[in-house]
Amino acid sequence: MEAVAYSTFRKDLRAYLDKTRDDATPLLVTSKDPSANVVVMNAMDYDNLIENLEVQSNARLMSKIERGMEQFAEERGANHELIEVEDA
C-alpha cells in the first residue's frame, strides 16, 4: 500500500483519487498524529471488502461454503439447469 503525507495528498488530491480508482490500490494518507491516518480506497473495493466480512462473519453461510468446497474437492458436484427468471 502506498503512503502519502496529508499535505501532499491535499495538494494533488485529484491525481491521487484518480490513481486509487484506476489502480484499485488503497492509499494510506498519513498525519503527524498516527491515530489520524486514513485509508482511501475505491468504493467498489470497499463494498467488496464489507461484503466479504459479512459473509465470513456468518457461520451458517461459511459452513455451506465449506461443505460445497469439500463436495467439489471430492468430485461430488452436480450440474443443474439454470432457471430463467422473468422481469417483474
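**Reading burial, rings and helix caps**

Visitor: How is Tyr16 classed, buried or exposed?

Guide: Tyr16 is buried, with a relative accessible area of 15%. Buried means under 20% relative accessible area, exposed over 50%, and partly exposed in between (1.4 Å probe, protein chains only). This is a predicted model: local features need pLDDT of at least 70, side-chain atom pairs count only at pLDDT 80 or more, and totals for chains, interfaces and linings use all residues. Residues are numbered from 1 along each chain as its sequence is written, and side-chain values use heavy atoms, without hydrogens and water.

Visitor: How many aromatic pairs are there?

Guide: A pair of aromatic rings is described by the distance of the centres and the angle of the planes. Rings of Phe, Tyr and Trp (its six-membered ring) pair if their centres lie within 6.5 Å; planes under 30 degrees apart count as stacked, over 60 as edge-to-face and the rest as tilted. By this rule there is one aromatic pair. The ring centres of Phe9 and Tyr16 are 6.0 Å apart and the planes are at 40 degrees, so the pair is tilted. Phe9 is also buried, at 12%.

Visitor: Which residues make up the largest nonpolar core?

Guide: In soluble globular proteins, nonpolar side chains tend to be buried together. A nonpolar core is a set of buried Ala, Val, Leu, Ile, Met, Phe, Trp, Tyr and Cys residues joined through side-chain atoms within 4.5 Å. Here the largest has six residues: Val4, Phe9, Tyr16, Leu27, Val29 and Val40. Contact means heavy atoms within 4.5 Å. Leaving out residues up to four places away in sequence, Val40 touches Phe9, Leu17, Thr20, Pro26, Leu27 and Val29.

Visitor: What does the side chain of Thr20 reach?

Guide: A polar contact is a pair of N or O atoms within 3.5 Å; within protein, one must be able to donate a hydrogen and the other to accept it, and residues adjacent in sequence count only if both atoms are side-chain atoms. The Thr20 side chain reaches the backbone oxygen of Tyr16 at 2.9 Å. Thr20 is buried, at 5%.

Visitor: Where does Asn42 lie?

Guide: Helices (H or I, at least four residues) and strands (E, at least two) are DSSP runs, numbered from the N terminus. Asn42 lies in the loop between strand E3 (38–40) and H3. At the start of H3, a side-chain oxygen of Asn42 comes within 2.7 Å of the backbone nitrogen of Met44. The Asn42 side chain also reaches the backbone oxygen of Arg21 at 3.3 Å.

Visitor: Which residue caps H4?

Guide: Asn58 caps the N-terminal end, with a side-chain oxygen 3.1 Å from the backbone nitrogen of Arg60.
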